[in-house]
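Hi,

Here is the model I promised to pass on to you. Have a look at it first, and then read my notes below.

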Amino acid sequence: MRRLLVFLLAGWSGFLVMAVELLSGRILAPNFGNSIYVWGGVITVFMLALATGYLLGGRWSLVAPSVPRLAALLLAAAIAITPVLFLAEPLLDWLFDHLRDPRYGSLASATLLFFLPTAIAGMISPYAVRLLVDDSRRSGHYAGLLYFVSTFGSAAGTIMTSFYLVLYFEINQILAGLIGISWLLGLLVLWFGNSRDASKS
Amino acid sequence: MPLNPDCHPLVLFLLLCALFAPAAVTAMTVIHTEKSLYRNIVVYEEDGQRCMSFTQREQSARQSCQFLSDPTQFVFPYTKMMMGALYLNPQPRTLLMIGLGGGVLPTALAQILPQATLDIVELDPAVVKVARRFFSFNPGQRLRIFEEDGRVFAKRARRAGQRYDLILLDAFDHEYIPEHLLTQEFLTEIKELLTPSGVLAANTFSSSHLYAHESTTYEAVFGVFYNLRVELRNRIILIRRDGLPGREALERNAATLEPNLQALGFGKDWLLPLFSTERDWNPKARVLTDQYAPSNLLNNLP
């Protein structure tokens, strides 16, 4: 059960990151266009944020790792995405006035709006590996499973968003849905984790 | 991601044609291919025409064509219909064109309007290069070219207080639509970039589900507009900011412009009957916005 919850969170964080990445291109387009530079800026920022997240997540797993803390990471990522709903437009307009080059405009916009939530979501995978591994001989097996689940989640997030969600919903509705599901999953896992702790004591 | 695969299906196709159809009536010769950041550009000659194509087998994917014998004559109905914008305002002095293609349209406009200045925005530097080299597109003082995203250019121009008498929107090919150039917000930015009697001419290719969405989106921003269609794939929307001129005004302007258009190979007898304000679309189709713009999906829905 505990493993299932860990995989669930890791899979969903993969879904979340790619769904947000695809939407971020759309969010930037009215101000910085849809050129190859804008996608280059967006992808660079997401990769750097994930790299940073992996580093921090692994580091944080050294101190009292637990399932509720993993759930807290997802909740934190959901909170960090929320400003995009309200601040994207004024922030992008402000950056539009101050950065003429669409390359640096998109780089700066993507950094300010998406670096923090993506980095937090990136912390989930290495932290999850720590929770799964109880025997160092099987660590590769669990790391592989976890990569499988989170990358599978990323693929699902990509295709769902680009093929279907944008056909029915507005960008902000999709973002709000992603935030809502993250809260739901986070709280669910928190509740399960705590009730387990309570039954133990 | 808007990247094209690195292959030349058209070139392969053409080579195959050359191999297996030696008895073909006219030979198709590829004279240039160019890989750009966004697409593969092929220039070829066939049937006495030189054409620019974006890696597509279908004829309808031709972006721009010229008659080799007389490059001033217009080949496509869509370029002729775009000239219909002059019936709404015959003497524009400042023009903006978003999307260059082979540059046939701006070259003709610059000739008809000797006083006018044209700003042309094209995202793909390779298209500009090919237009200059193979389609005698010749930018200069009056014909300025800007290599950047059309939406970014329009937004900056509006903030800088620039206004245009005529804006020509020709940034779509029927395979890929830049979705941020077909939203209520973008069209509002374009509207604010027009002088009070300014005219917008938009070339679109909608024969699909997108047709109705595109129509309600233009309607939401501009109200009633002239809709010109000849074949299923060609559609031109013509709008004047301070309201559409009626038949009489159109006919008056058409008569004045007749010699200019005859020089391009067509005239008012062909063009005027195409002007229609009939709403032949579902008026309940969802308006496209920056928040909701699945244009490419809508265009390809079965």
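**What I found**

Let me start with a loop: Ser136(B) sits between α5 (125–134) and β7 (143–146) of chain B; helices (H or I, at least four residues) and strands (E, at least two) are DSSP runs, numbered from the N terminus. Before going further, please keep in mind that this is a predicted model, in which local features need pLDDT of at least 70, side-chain atom pairs count only at pLDDT 80 or more, and totals for chains, interfaces and linings use all residues. Residues are numbered from 1 along each chain as its sequence is written, while chains are lettered from A and ligands numbered from 1 in the order in which they are written.

Ser136(B) has a positive phi, near 40°, in a residue other than glycine. Ser136(B) is partly exposed, because 14 other C-beta atoms lie within 10 Å; a residue is buried with 20 or more other C-beta atoms within 10 Å of its own, exposed with 12 or fewer and partly exposed in between, the C-beta atoms being placed from the backbone. Asp47(B) also has a positive phi, of about 50°, although it is not a glycine. Asp47(B) belongs to the loop between β2 and β3 of chain B, and it counts as exposed because it has 12 C-beta neighbours inside 10 Å. For background, most residues other than glycine have a negative phi.

**Chain B and its domains**

Chain B contains eleven helices and eleven strands, and buried residues account for 44% of its 302 residues. Among contacts in chain B between residues at least 6 apart in sequence, 70% join residues at least 24 apart; two residues are in contact if their C-beta atoms, placed from the backbone, lie within 7 Å.

Across the boundary, 16 residues of domain 1 of chain B are in contact with 13 residues of domain 2 of chain B. On the domain 1 side, β1 (29–35), β2 (40–46), β3 (49–53) and β4 (62–67) of chain B each supply at least two residues, and β4(B) gives the most, with three residues. By class, that side has seven nonpolar, seven polar and two charged residues; Ala, Val, Leu, Ile, Met, Phe, Trp, Tyr, Cys and Pro count as nonpolar, Asp, Glu, Lys and Arg as charged, and the others, Gly among them, as polar.

**Where the chains meet**

Between the chains, 15 residues of chain A are in contact with 16 residues of chain B. The chain A side draws at least two residues from each of α1 (2–32), α2 (36–60), α5 (139–168) and α6 (171–200). Here α1(A) gives the most, with three residues. The chain A side divides into ten nonpolar residues, four polar and one charged.

**The core**

Which residues touch the most other members of the largest nonpolar core? They are Leu9(A) and Leu238(B), in a core of 138 residues; such a core is a set of buried Ala, Val, Leu, Ile, Met, Phe, Trp, Tyr and Cys residues joined through C-beta atoms within 7 Å. The largest share of this core, 17 residues, comes from α1(A). Domain 1 (21–67) and domain 2 (77–300) of chain B both give residues to this core, so it lies between them. Leaving aside neighbours within four places in sequence, the contacts of Leu238(B) include Gly84(B), Leu88(B), Val199(B) and Phe225(B).

**Two bent helices**

In chain A, α4(A) bends by about 55° at Phe114(A), and the proline Pro117(A) follows within four residues. The bend at a residue is the angle between axes fitted to the seven residues ending there and the seven starting there. In chain B, helix α9 (residues 247–262) has a kink of about 50° at Thr256(B), shortly before the proline Pro259(B). The buried residues of α9(B) are Leu250(B), Ala254(B), Leu257(B) and Leu261(B), and they pack against α2 (77–83), α3 (85–88) and α10 (268–271) of chain B.

Best wishes

Key
Domains from an automatic or database assignment.
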